[in-house]
Every structure is written in structure tokens, then in C-alpha cells.
Amino acid sequence: MEKILVIGANGQIGSELVLALSAQHGADSVIASDIGSNVHDAAQYEQLDVLDAARMEQLIARHQVTQVYQLAAMLSVTSEQAPVKAWTLNMDGLLNILEIARERGQAGMPLRIFWPSSIAAFGPNTPAVNTPQTTIMDPVTMYGISKLAGERLCDYYFHKFGVDVRSIRYPGIISYKSPPGGGTTDYAIAIFHAAVQRDCYRCYLGPDTTLPMMYMPDAIRATTLLMDAPAAQIGVRSSYNVAGVSFSPSELAQAIRRVLPQFEIRYAPDERQVIAASWPQSLDDSCARADWNWQPQVDLEQMTADMLKNIAAQKAIPLTVGTEVRACVI
Ligand code: AKB
């Protein structure tokens, strides 16, 4: 029986991953952990600071953990505000779990590790359209630099010590259950909240800034598909490109307008535009497709309809066509 530890379980991806893993393996098999309290009422919860390697090791031993999803990290925008803190958290958090996996593997108690990389690991000299799996990587943000270094660490621990570590370069993840925190792609969630509240949306990226994105159900499926694949099928030990949908703010606004024709958007690009401009527009994910049968299922129209419906239900606001929008102040 698998025993699964999710570190960073209070975050946008972690909170939904705990639910999906509990449905798949049973709630008894999943231990949620984060630095704070059990905000999502996980059935089993342990407080854990990812920088506390001794406690991490103790929890893994006590629960006889076989798989760890190490999701605790600072995202692109918050990392630019505190680069040294971001480097420490993002790198030491990963290194702690890789070292524990190395030691346990040598003692005959192997751990399977998942660690998220990001499209931020690419940079301005990376081919932006249909970005290949293996290509130039010259990230210009501290977040991206930590992701690229993390990918190299994962590859190193697999080849040098046989640690079964697996990773995905997540695009921007769109979801409605838990808010994202401090990312450049967060506009693509905030826009739906504005649309439902009948607010005009002030977008901090320019209208044509195309970025790779993915709806949360696809992101969770990609993650568990990769972790469930036999080790022999995992040909990439740094991190896999996975593609969902690519769109720009103006294309997303048009998709929202097909449901709510009154929706309005204005553009006021800020420093996040520089980050977004250094990232790919779309990804070639043929390696993930070939190695572990990855296929996205949700397109822009389906995602838009589902986001609007669920956010409207959460806020108890009816999705009414033609309702007046508050004036745009820019
Ligand atoms: C961010 O915007 O920082 C993240 C990411 C693309 O990794 N969503």
C-alpha cells in the first residue's frame, strides 16, 4: 500500500492534489502537510516547514511514506520581491527531500518523489513557439533560475543515486477552488472573478501576451499519470513539458464574452509583463505523450464555461447576460 506525503498541501495545486490522491488511494494513505494549520480539513495533517529536514525525515519514517509530492515553493512574482528567500526555500526544500530519498534508497526503503518545475525555467532565448523538451534555457527570474537548478538536481540525483524523482514543467494553472499566490499567470484566474462580479478587469499583461496554461483537472491528471507510470517509461528525469491550452489575455476575454457579452477588460501592463515576455507561448509535449500517454482534455471554451459556472456558484451571483458592468477606471 502506498503512503503519500504532500508537502505544500495548502497551496493552489496541493489542496486539489490531496483530494485527488485521497480519492485514488484512500484518505488513510494520504498525509497533507504545510507550514501552517490544516486549512482544507485534510483527513491526516502534519505541520511541516520544508526547510526542517529533520522533521521531514521523522514524518516520512513515522508514516512509512513511499511517495512524496514536494510542492512548497515561492512563485515568480513573490520570488522577485524576495530573491534570496525564494532561492533558499525553492532549492533547500528540494534538496532536503532528495537527500532523504537518497539515504532511504540506500537503506532499502525507496521513495518516489514528485517536484514541480515550471515554464519559468525557460528564458528570452528559448524558442517561444512549440518550445522543445530540450532547448536553450536562460531564465531571467529568481523563480526560473531556481526551477532550472532544481531540474538539474533531479536529473543528478536520479543518475548518480538512483532516486526515482519525476517532474513536470507546469504552465499557468487555472482553478477556482483555492487561490494561486504570487504568480505571473494569476491574471487568468482573477479575470474570471471580475467577470462574475461584473467588474471591468484591469489586466497587468498586454492583450497579446500568449502563455501556456492548463486547467486544474488536466494538471492533476498529468501529475498522477506521471507518478503512476512504471519507472522504465520515464525517459526524462529533469522535467517534462506538458501542454494544455495557450491563450493571450485578449483571447481569454473573448472566450468570456462568448458567455457574458458585457464583460470588459482594460490593459495596464506592469513589471509582470517583463516576466511573461521571457516565457514560452506554447510547448511541445511530445515526450510526455510518448513516454506516459499524456493528453490534455480541456480546451479554452470548456475551461471558461466551467470557471464561470463554479465561481458564480461560489459567490452566489447569477451569470446574467447583459447585466451592466461597473465602469473601467484606468
Ligand atoms: C507563475 O506564474 O509564477 C507560475 C508558473 C508559471 O510557474 N504560475
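Contact in these legends means heavy atoms within 4.5 Å. The model is predicted: local features need pLDDT of at least 70, side-chain atom pairs count only at pLDDT 80 or more, and totals for chains, interfaces and linings use all residues. Residues are numbered from 1 along each chain as its sequence is written, and side-chain values use heavy atoms, with hydrogens and water left out.

View 1. M303 touches I174, F192, Y215, F247, L252 and V298, with residues up to four places away in sequence not counted. A nonpolar core is a set of buried Ala, Val, Leu, Ile, Met, Phe, Trp, Tyr and Cys residues joined through side-chain atoms within 4.5 Å. Buried stands for under 20% relative accessible area, exposed for over 50%, and partly exposed for the range in between (1.4 Å probe, protein chains only). The largest such core has 43 residues, and those touching the most other members are I174, Y187, F192, F247, L252 and M303. Two or more residues each come from α6 (187-196), β8 (201-203), β9 (211-215), β11 (245-247), α8 (249-257), α9 (272-277) and α11 (300-315). Helices (H or I, at least four residues) and strands (E, at least two) are DSSP runs, numbered from the N terminus. With eight residues, α6 gives the most to this core. Another core, of 32 residues, lies apart from it and has L21, A42, Y45 and Y69 among its members.

**View 2. Helix α6 and the residue after it.** Eight of the ten residues of α6 are buried, which leaves the helix mostly covered. The buried residues are Y187, A188, I189, I191, F192, A194, A195 and V196. Just after α6, R198 takes a positive phi of about 60°.

**View 3. I189 and its contacts.** I189 is located in helix α6. It counts as buried because its relative accessibility is 4%. Leaving out residues up to four places away in sequence, I189 touches Q12, I173, I174, S175, P180 and M307. I189 and A27 are 162 residues apart in sequence, and their C-alpha atoms are 29 Å apart in space.

**View 4. The crossing of α2 and α4.** The axes of helix α2 (residues 53-62) and helix α4 (residues 83-106) come within 10 Å and cross at roughly 45°. This angle makes α2 oblique to α4. Axes are lines fitted to C-alpha atoms, for helices over the stretch in contact, and angles run from 0 to 180 degrees between N-to-C directions. Angles under 35 degrees count as roughly parallel, over 145 as roughly antiparallel, 65 to 115 as roughly perpendicular and the rest as oblique. The crossing of α2 and α4 is right-handed. A crossing is right-handed if the near helix is turned clockwise from the far one by less than a right angle, and left-handed if anticlockwise. On the α2 side the contact involves A53, M56, E57, I60 and A61, which meet G93, N96, I97, I100, E103 and R104 of α4. By type, the residues of this contact are six nonpolar, two polar and three charged. Here Ala, Val, Leu, Ile, Met, Phe, Trp, Tyr, Cys and Pro count as nonpolar, Asp, Glu, Lys and Arg as charged, and the others, Gly among them, as polar.

**View 5. The crossing of α1 and α7.** The axes of α1 and helix α7 (residues 216-228) come within 10 Å and cross at roughly 60°. The two helices are therefore oblique to each other. Their crossing is right-handed. From α1, the residues Q12, I13, E16, L17, A20, L21 and Q24 make the contact with M216, I220, T223, T224 and D228 of α7. Six nonpolar, four polar and two charged residues make up this contact of α1 with α7.

**View 6. S15 in helix α1.** S15 lies in helix α1 (residues 12-25). S15 counts as buried because its relative accessibility is 8%. Residues up to four places away in sequence aside, S15 touches A9, H40 and S178.

**View 7. Two loop residues with positive phi.** D41 is not a glycine, yet has a positive phi of about 55°. D41 sits in the loop between β2 (30-34) and β3 (45-47) and is exposed, with a relative accessible area of 66%. N293, also not a glycine, has a positive phi of about 60°. N293 is placed in the loop between α10 (286-292) and α11, and at 60% relative accessibility N293 counts as exposed.
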